[in-house]
Amino acid sequence: MPAKSAAQQKAAGAALSAKRGDTPKSELKGASKSMVESMTEKQLEDFAHTKRKGNPEHAAKK
């Protein structure tokens, strides 16, 4: 499942970094903090590897 916005892709990248132990979990903020706990490493990889080109900075709320 690809990220729907650039912000979501960036948050997934930060969460993935923390999940792998490259970044301390205490440095996470906002969505990435909950993503690291609720998503698997594979799910985070799918979100983080989404291309940013063509995606809005923030997704519209429904």
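Me: Hello! Is Asp46 buried, partly exposed or exposed?
Reply: Welcome! This is a predicted model, and the values here are computed from it. Asp46 has a relative accessible area of 30%. Buried would need under 20% and exposed over 50%, so Asp46 counts as partly exposed.

Me: Which residue forms a salt bridge with Asp46?
Reply: Side chains of opposite charge can pair when their charged atoms come close. For Asp46, the closest N and O atoms of the pair are 3.0 Å apart, and a salt bridge needs them within 4 Å. The partner is Lys42.

Me: By about how much of helix α3 are Lys42 and Asp46 separated?
Reply: Lys42 is exposed, at 51% relative accessible area. Both residues of the pair belong to helix α3, where they are four residues apart. That spacing means a separation of about one helical turn.

Me: How many salt bridges does a search of the whole structure find?
Reply: One of them is the pair of Lys42 and Asp46. Another joins Lys25 and Glu37. Searching the whole structure gives a total of four.

Me: Where do Lys25 and Glu37 lie?
Reply: Their side chains meet in a salt bridge, with 3.8 Å from N to O. The pair links distant parts of the chain, 12 residues apart. Lys25 sits in the loop between α1 and α2, and Glu37 in helix α2.

Me: Which helices hold Glu41 and Arg20?
Reply: The side chains of Glu41 and Arg20 meet in a salt bridge of 3.0 Å, N to O. The two residues are in separate helices, so the pair ties together parts that are 21 residues apart in sequence. Glu41 lies in α3 and Arg20 in α1.

Me: Which residues are linked with Arg20 in a network of salt bridges?
Reply: Arg20 counts as partly exposed at 43% relative accessibility. Glu41 also counts as partly exposed, at 34%. The network that includes Arg20 links it with Glu41 and Glu45.

Me: What covers the buried residues of α1?
Reply: The buried residues of this helix include Ala6, Gln9, Ala11 and Leu16. Their cover includes two other helices, spanning residues 31-38 and 41-48. Those helices are α2 and α3.

Me: Which residues is Ser32 in contact with, leaving aside its neighbours within four places in sequence?
Reply: Ser32 lies in helix α2. At 6% relative accessible area, Ser32 falls under the 20% limit and is buried. Its contacts are Ala11, Ala14 and Ala15.

Me: What separates the C-alpha atoms of Ala60 and Ala48?
Reply: Ala60 belongs to the segment after α3. With a relative accessible area of 69%, Ala60 is exposed. Ala60 and Ala48 are 12 residues apart along the chain, and their C-alpha atoms are separated by 19 Å.

Note on methods. Residues are numbered from 1 along each chain as its sequence is written. This is a predicted model: local features need pLDDT of at least 70, side-chain atom pairs count only at pLDDT 80 or more; totals for chains, interfaces and linings use all residues. Side-chain values use heavy atoms; hydrogens and water are left out. Buried means under 20% relative accessible area, exposed over 50%, partly exposed in between (1.4 Å probe, protein chains only). Contact means heavy atoms within 4.5 Å.
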